[in-house]
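Biologist: I would like to learn how to read aromatic ring pairs in a protein model. Could you take me through them slowly?

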Amino acid sequence: MAAIHAAQAGRRVVLLDRTVDGGRKILISGGGRCNVLPGALDETRYVTASSASSMRNILRSWPLPEQRRFFEESLGIPLALEEASGKLFPRSDRAREVRDALAERAAESGVEFYRKCSVIDLTPVGGRWRITRENAAPLMVDRVIVASGGLSVPQTGSDGTGLAILARLGHTIHPTYPALTPLTVSPNPFADLAGVSLVVTLRATSTEERRETTGGFLFTHRGYSGPAVLDVSHVAVRSRLAGGAPADLRVQWCALDEAAWQDHLMPGPQSVASVLRAELPTRLADRLLELTGIEGKTSLAQLPRAARRALLDALVRFPLPWTGDEGYQKAEVTGGGVALNEVLPRTLESRKQVGLFLCGELLDAFGPIGGYNFVWAWVTGRLAGMGAAAALGSPLSPT
């Protein structure tokens, strides 16, 4: 996105990519479908240790409807809203279509691609920049845009090199951590529930923050995954890294809240098991009864008050044990990164180094599952591309 917008401003642009094909995070997103954008954007769901105002200003530079028009009208990728999730996917359901369309637009705009090109360092030299490459001669350029990603899913090419280079150039790097990552528990008391999935409301509370989300939840052999878990995982991860009390996780297992469950559990002839199984997966319903010491065949009329209270707690505020996380290997995104107050919000030029522009995951902001992090990538890439092009004054001649 940065290369496209810089080239469309009339600049000669060279894109250096350490992989052979590029855009690998696009290819693996959404299970290979690519959730290009959210259907609607809630800015409050982004996380940053930097200025929230700066983050909002960056996000608002390219409104969501304009981004959708870019993909649909400029790139020719019709998007379809998935009603159940509120996410926008290409109608083809093929992530490769998105990656290829971006690459093709860049090439049509005159961008030169250097594949399998590993950048080792960036050095300011007399108002220009020297790019040191592995096993290749250095390049001298007028402006540099760093879009190297963070540390998540390193096999896609993001191994933290960009962050290390920016730290050497004087940038403040807010502590990084895996975000949107599955959580683990060892030993796992729910290993036999692996594969059970449902929609839950999950609340994560630490000494520093509280997050609540509603979404898919999946029991795994190692712990828990699914959008709800990923969206609050950073609260757990940061509490672990801080070395204090671990974050408290509480689950409401379905859409029924406490008042609704009280109505469902009013004294009557039905068995407790039949009432729970009507709303929850059978294996989970039976486990909750086991944990609360209630015989499933017990009728609601025979359920003691104390048992009813224990069951209500298990249904709407179940304490979910956890001990760790899957780290960067499974994390959808990197938390932390370059402090937002060290870039100019209108152009994303570094306040530390003239002619250096930063965008994407290496900046200190991330959002929840649902296209939010692609929004951040598209918006910041566009800003950095236009900013770098404008910093050179009048467009260069074709030579």
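Modeller: What follows is a short talk about aromatic rings and their surroundings. This is a predicted model, in which local features need pLDDT of at least 70 and side-chain atom pairs count only at pLDDT 80 or more, while totals for chains, interfaces and linings use all residues. Residues are numbered from 1 along each chain as its sequence is written, and side-chain values use heavy atoms, with hydrogens and water left out.

Biologist: How is a pair of aromatic rings described?

Modeller: A pair of aromatic rings is described by the distance of the centres and the angle of the planes. Rings of Phe, Tyr and Trp (its six-membered ring) pair if their centres lie within 6.5 Å, and planes under 30 degrees apart count as stacked, over 60 as edge-to-face and the rest as tilted. By this rule the count here is 15 aromatic pairs. In one of them, the ring centres of F217 and Y224 are 5.7 Å apart with the planes at 35°, so this pair is tilted.

Biologist: Are F217 and Y224 buried or exposed?

Modeller: Buried means under 20% relative accessible area, exposed over 50% and partly exposed in between (1.4 Å probe, protein chains only). F217 is buried at 1%, and Y224 is buried at 0%.

Biologist: Why is the pair of F374 and W378 called stacked?

Modeller: The centres of the F374 and W378 rings are 5.0 Å apart and their planes are at 5°, so the pair is stacked. F374 is buried, with a relative accessible area of 16%, and W378 is buried, with 4%.

Biologist: Which residues do ring pairs link into a cluster?

Modeller: The cluster linked by ring pairs consists of F190, F217, F219, Y224, W253 and F318.
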